[in-house]
Amino acid sequence: MNWENVMPGLALPMRDLDRAVAASDPLDAARDAPRLPALNRAADIAGLTALAREWTSRAEGAVRDPVTAGAALRDLGFALASLERHGVDYRTLPGAEELLLKLGAVTEEVPRDSVYTYALRNPETAPRSFTELPEEELFIREVRTAGVALRPAVDALTEALPAAVHDPSLPGLLAEATAGFTVFAQSLLSVKRTITPRTFSYEMRPYFPPMTVGGQVLYAPGGAQMTPLLVDVALLRPEPGDPREEWYEGYLRENLPYLPAAYRDAADAARRHRPLLPRLVEEAGRHSPGTPAVVRTLTELRRLTQELLRFRLPHVQLAKANMAIRPDGSLGSGGYTTDSLDRLAELTLARHRLLTDACAAAGGGEER
Ligand code: HEM
């Protein structure tokens with residue numbers, strides 16, 4: 001392939017990019033992908049290797065732009081992570097690592113599969129799956145639903161960043177973000193109700209191995225790559241002087257690179273502003289108690305943090321239930337223990353408490 005002619009950086013809105021990649025099949029993988037779960041069940045390394053070789057060779061000439069490159073990363077991701085799960089270093093496959101690096105350069109994303117390729121860009125009509133288990137199908141569907149619901153939430157919070165506490169547009173923007181998190185929390189609950197820790201930890205999690213690409217360890221698709229990261233950045237990240245800041249900045253450094261370019265840009269834009277929640281609380285303190293516009297904003301802000309907690313608290317429980325049946329020291333697919341989840345939950349709870357006090361002082365924000 002003449003990679004010089006492949007254009008990086010196609011600036012599509014996230015929704016259109018995800019849809020276009022989901023609809024794209026440059027490796028003609030839809031034809032062979034239904035065989036993948038059976039190969040995995042049989043731990044058929046020769047069959048998996050042949051499939052991965054075939055898809056690697058089809059990339060030649062078929063990848064033309066970021067959309068086709070993204071689809072190739074998705075399908076190769078399924079094949080190569082399957083090999084890794086069965087103990088084969090994917091780098092022994094001629095040309096595979098080089099191809100991943102080239103595809104990553106075209107998409108301007110991490111050169112492997114991500115939560116975006118696994119769920120949001122996994123075609124609904126011909127879904128790719130490691131296991132074909134109904135639980136995995138549900139997992140992909142719910143992670144997609146949750147990710148799609150948060151796209152407008154990210155846009156709304158980005159728009160809210162410069163607004164003053166009494167700005168009449170703020171309550172609506174915050175309500176939009178809350179609506180996204182309501183869906184996110186429901187998706188998590190659906191997974192929690194349906195997928196037992198045993199099925200997730202032993203049947204599914206092994207297909208999310210870390211992989212070394214170009215000398216760098218890259219983590220598999222996982223929740224830390226999802227947009228709650230951006231919501232935290234925009235809304236409640238620790239500020240300088242906060243003892244939580246050092247850990248949080250490290251968490252961001254490790255996870256932001258897994259986000260698509262448009263979301264990395266959104267994070268950069270958000271970081272040029274103070275986080276909304278502590279700033280708005282501070283501004284509210286300068287208004288007389290009972291100022292209607294201020295009360296409305298704080299009330300919506302409080303609903304949003306409540307919804308965040310409605311995701312985070314059960315999610316921590318779910319992650320802990322999974323870790324409890326795994327060997328000591330096991331990590332999530334993003335490379336973390338549940339410590340990171342405790343820290344994020346604690347940060348969210350602390351911000352929620354700050355807001356509850358501010359609501360009481362402002363004379364609004366009903367208890368729920
Ligand atoms: C059995 C299912 C699940 C388990 C065991 C699990 C476990 C974990 C773990 C251990 C982390 C820490 C980062 C890492 O090492 O990967 C994490 C992060 C995360 N997960 Fe999950 N998770 C599950 C399902 C889900 C679902 C269905 C969603 C979304 C609907 C989700 C969203 C997130 C998010 C957003 C994070 C980043 C931390 C945060 O914002 O609180 N997870 N998960």
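Which helix gives the most to the shell around the ligand? I found that helix 15 does, with 5 residues. Before going further I noted that this is a predicted model, in which local features need pLDDT of at least 70 and side-chain atom pairs count only at pLDDT 80 or more, while totals for chains, interfaces and linings use all residues. Residues are numbered from 1 along each chain as its sequence is written.

**Ligand shell.** I listed 29 residues around the ligand, and the closest are Gly223, Ala319, Gly332, Gly334 and Tyr336; a residue is near the molecule if its C-beta atom, placed from the backbone, lies within 6 Å of it. Two or more residues of this shell come from each of helix 8 (134-160), helix 9 (170-194), helix 15 (292-324) and helix 16 (339-362), where helices are DSSP runs (H or I, at least four residues) numbered from the N terminus. By class I noted 16 nonpolar, 11 polar and 2 charged residues in the shell, with Ala, Val, Leu, Ile, Met, Phe, Trp, Tyr, Cys and Pro counted as nonpolar, Asp, Glu, Lys and Arg as charged, and the others, Gly among them, as polar.

**Domains.** The chain is divided into domain 1 (3-120) and domain 2 (134-362), with bounds that come from an automatic or database domain assignment. I noted 28 Å between the two domain centres, taken over C-alpha atoms. Their contact takes 23 residues from domain 1 and 24 residues from domain 2, two residues being in contact if their C-beta atoms, placed from the backbone, lie within 7 Å. On the side of domain 1 that touches domain 2, helix 1 (14-23), helix 5 (66-85), helix 6 (96-107) and helix 7 (115-120) each supply at least two residues, and that side has 13 nonpolar, 2 polar and 8 charged residues.

**Helix packing.** I then looked up helix 8 and helix 11 (residues 228-235), which pack at an angle of about 15 degrees with their axes 10 Å apart; axes are lines fitted to C-alpha atoms over the stretch in contact, and angles run from 0 to 180 degrees between N-to-C directions. The two helices are therefore roughly parallel to each other (angles under 35 degrees count as such). Ala153, Val154, Leu157 and Thr158 of helix 8 make the contact with Leu230, Val231, Ala234 and Leu235 of helix 11, and by class I noted 7 nonpolar, 1 polar and no charged residues there.

Notes
Parallel < 35°, antiparallel > 145°, perpendicular 65-115°, else oblique.
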